[in-house]
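Let's walk through this structure together, one neighbourhood at a time. Have a look at it first, and then read on.

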Amino acid sequence: MSQTFAIGIGGAAGQGIATPGDIFAKIFSRRGLHLNAYNAYQSIIRGGHTFLTIRTSAEEVTSLGDGIDLLIPLNQDTMDRHLRLLTAGGACIFNSDTIHPGTPADGRQLCALPVSKMADISRNKVAQNTLAMGAALSMAGVGFESLESVLVEQFGRKGEAVVKENVDLARVGYEYAATNFQPFREPLPKTENRYAVPSGNIALAMGGAAAGVKFYCAYPMSPSTGVLHWMAAHGRAAGIMVRQVEDEIGVVNMAIGAAHAGVRAMCATSGGGFALMSEGLGLSAMAEIPIVVIDCQRAGPSTGVPTKTEQGDLWQVLGAAFGDYPRVIAAPLDILDCFTLIPEIFNVVDRFQCPGIVLCDLLLSEGRLTVDPKLLDFNPPIDRGELITSNSAGVHDDYMRYKITESGVSPRAIPGLPGYVHVVSSDEHDEDGVLISDEYTNTTKRRAMMEKRMRKVTGIEAAVVPPMLQGPHDAAVTLIGWGSTDGVIREARMRLAQQGITANQLQIRWLVPLHGEVILDILRGARHTIIVENNYSGQFARYLRSETGFVPHGHIRKYDGEPFMPHHIVEAVHEQLAGTTTLSVPTHEVMV
Amino acid sequence: MATDIAAPRQMMLADLKGRVDPDWCPGCGDFGVLAAVQKALVDLQIPNHRVCTISGIGCSSNFPGFINTYGMHTLHGRSLPVATGVKLANHKLTVLVTGGDGDGFGIGAGHFVHAMRRNVDLLYIVMDNQIYGLTTGQTSPTSRLGMKTKSMPFGNIETPLNPITLALSAGATFVARGFSGEQKHLTELIKQGIQHKGFSFLDVFSPCVTYNHDNTYQWFRPRVKKLEDDAAYDATDWTEAVERSLLWGEEIPIGKFFERTDVPALHAAEPVLDAGPLVEGNTRIPPDVVHSFIDELM
């Protein structure tokens with residue numbers, strides 16, 4: 001990655017951090033710059049501490065990086081916590097009326113704004129935010145008109161007076177900085193590209209819309225609620241029925257009902273809600289009704305840390321619902337992949353009539369990333385599998401919903417069609433749907449039905465692309481990750497390469513099917529293998545071992561609620577290659 | 001979606017006979033409910049492929065296997081959310097939900113309340129035998145105080161739930177009670193419940209001849225009094241319905257307690273269904289709408 005520029009804005013919840021965040025994001029993306037943004041926050045509506053990082057570059061920004069080039073503390077707390085993250089050449093813009101500057105390292109600029117002398121703070125409580133934005137963009141070499149046009153858009157709904165007040169304030173900040181502060185060494189670049197800036201949750205929701213989802217239901221739960229919000233706001237335009245349900249048990253069962261009636265149905269939750277959906281997944285598998293459930297992981301167990309990220313639900317998802325049944329589980333690699341994965345997984349679950357689980361996490365769900373709008377393809381391939389939706393051939397006296405086939409897949413007729421009347425069941429049943437539990441129990445039939453369903457596993461494995469090694473083949477170290485750690489591991493590899501350590505990467509997207517043989521083939525040639533994951537016990541490492549017998553040389557794990565920064569991985573690789581340890585647990589340097 | 005290609009023909013009781021015969025105990029009240037549902041569908045001439053019968057788990061929840069309509073035998077207590085999903089995805093279907101008192105008022109009580117306040121257009125028939133049968137005789141949410149069961153051998157000390165009062169307070173727009181021993185009356189109530197546009201709740205006294213020796217046919221017969229026989233009773237009066245719902249003892253009212261027709265059913269209140277059932281809609285989103293979605297993010 002070439003030059004990047006990271007802005008950090010921090011304060012108490014309710015101090016208006018979101019607005020400057022949105023404004024910076026718009027200015028950057030409209031300059032043709034990539035950005036990656038993440039808000040570290042607490043489960044509190046007013047007060048507490050919130051810290052928004054926006055990192056931008058002319059090239060893709062795969063992680064939030066390690067440092068802050070421009071810090072805008074809206075309160076003393078933020079100054080005290082985050083000043084140490086300022087990079088060489090960086091600056092801190094602050095309200096000198098209310099905030100005492102800390103002592104930064106050499107080569108960092110403290111930019112004091114005497115806010116009460118610049119604005120009427122009795123009228124505008126967030127004047128410091130607007131002044132700081134003006135000052136920041138001036139120092140970054142961005143023309144004032146970019147800020148002005150976004151402010152007009154942002155505040156337009158509140159009337160001309162509010163727009164004018166904010167534009168005037170921003171100009172005061174802009175001009176003050178031009179006179180009083182040193183500009184950054186490199187002005188922000190500009191390209192002709194234009195990007196969309198979805199959050200992961202918006203990408204998941206739009207991915208559902210693109211996949212042809214017609215029924216979405218949910219119970220609010222952080223960090224998945226953004227999916228519900230997008231669906232609720234856009235469902236009517238997209239022809240999607242969106243329902244808020246009484247609990248996640250109701251959610252999964254309502255989705256199953258809609259799916260049985262013949263539409264694609266999706267729901268999203270977090271670990272706690274997913275736990276309640278477990279029995280429903282079994283119903284989906286047994287009755288062979290395809291649904292997609294998204295689990296946006298947060299730090300657990302129990303209520304856990306509702307606003308912090310973790311990859312701690314893998315074994316919950318692997319073990320969800322009792323009994324053996326076919327299913328697919330995939331973890332999106334980044335925010336664009338949140339979009340791309342949904343139509344893909346729907347095609348698999350429709351073809352194999354089983355549940356599909358998307359294992360996202362707070363880092364992606366609530367993060368934001370620039371995406372080339374051309375990649376948001378709303379016409380992806382849609383394969384509904386062997387679904388009978390019209391009666392073209394009259395009466396089908398021989399129709400059997402659970403007909404035993406070589407593939408394990410039986411043609412699925414939707415209710416309402418004449419000639420295909422049948423019953424589906426959560427009880428074990430015969431090919432015609434008649435229960436064989438209770439008094440009809442028949443060991444031969446039970447075995448045949450179990451084997452019929454489980455035969456789908458072979459087809460599923462062939463339907464899904466196996467993982468591939470990224471980077472040079474003969475590398476000193478192979479980093480193995482899954483899901484959302486893709487970007488930060490990629491950046492860590494580049495840093496390592498700059499330091500003379502070649503690193504490649506095996507990033508797992510499909511957890512089930514895992515393609516264990518392919519993974520073993522790849523890892524057989526690796527010199528030093530390290531599994532990187534955002535949880536305590538090495539859930540993926542334990543899973544990989546259980547499926548393949550593979551044991552890596554070392555582990556890098558983090559379970560403090562915050563995502564990895566690239567240097568965490570770089571430093572851990574150094575210590576592991578030096579033989580100091582086989583388990584690195586990097587410390588997150590700032591309390592957020 | 002489906003169009004009937006065969007010439008419409010009279011639907012007969014034989015068309016509704018399930019693939020297997022009911023395995024309920026001889027004398028079980030559920031036989032009477034099954035017969036009444038079949039008779040009602042024939043009377044109303046609703047083709048069996050237009051009907052989806054959805055149940056939870058329990059003796060009475062085996063119902064979908066014993067009737068020849070589309071059927072779903074779901075999880076214990078979860079029939080109503082599944083049925084809500086079916087109805088919202090294809091509101092042209094006639095949705096019947098069947099189950100017992102444990103399924104509906106015990107494990108499924110939360111869904112029961114919310115399905116009623118949502119006014120989902122379906123008929124929910126609870127075969128209420130005031131006992132858990134399939135698990136061989138434990139106390140249910142409607143077991144009387146003092147009733148001795150395997151789970152409360154010294155007598156039930158928990159006040160039973162009143163399904164009719166609960167339904168009235170939760171906003172059900174059709175609330176009725178039937179008795180398996182009163183076939184004609186029960187069939188009429190089922191027909192009305194199917195025709196009502198909204199959530200129809202029908203609690204049916206369906207005696208368990210094996211495990212409930214308190215609430216037997218003999219116990220109910222002299223007590224049940226049809227509301228329809230009381231010329232002064234007005235089933236549009238909610239307050240009156242609540243008062244009648246509290247009667248329990250020497251006289252127990254059965255019949256239609258309440259009906260209102262001024263509340264739109266859930267599917268009718270949601271504009272996304274104005275264009276027709278979801279299952280008949282386009283999978284692809286129009287390009288101008290897609291453009292607006294992406295534009296918001298630029």
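Predicted model: local features only at pLDDT ≥ 70, side-chain atom pairs only at ≥ 80, totals over all residues.

Residues are numbered from 1 along each chain as its sequence is written, and chains are lettered from A and ligands numbered from 1 in the order in which they are written.

Helix 4 (residues 127-139) and helix 6 (residues 160-180) of chain A pack at about 45°, with axes 7 Å apart. That angle makes helix 4 of chain A oblique to helix 6 of chain A (angles under 35 degrees are roughly parallel, over 145 roughly antiparallel, 65 to 115 roughly perpendicular, and the rest oblique). Among the residues that meet are Ala127(A) and Gly134(A) from helix 4, and Gly173(A) and Tyr174(A) from helix 6.

Now turn to strand 21 (residues 529-533) of chain A, where four of the five residues are buried (20 or more other C-beta atoms within 10 Å of their own, with C-beta atoms placed from the backbone). Strand 18 (residues 477-482) of chain A runs parallel to strand 21 of chain A, joined by three bridges, and Thr478(A) stands opposite Thr529(A). Strand 21 of chain A also pairs in the parallel sense with strand 22 (residues 554-557) of chain A, over four bridges (pairing needs at least two DSSP bridges). Here Val532(A) stands opposite Ile556(A).

Note on methods. Buried ≥ 20, exposed ≤ 12 C-beta atoms within 10 Å, placed from the backbone. Helix = DSSP H or I, 4+ residues; strand = E, 2+ residues; numbered from the N terminus. Axes fitted to C-alpha atoms, helices over the stretch in contact; angles between N-to-C directions. Contact = placed C-beta atoms within 7 Å.
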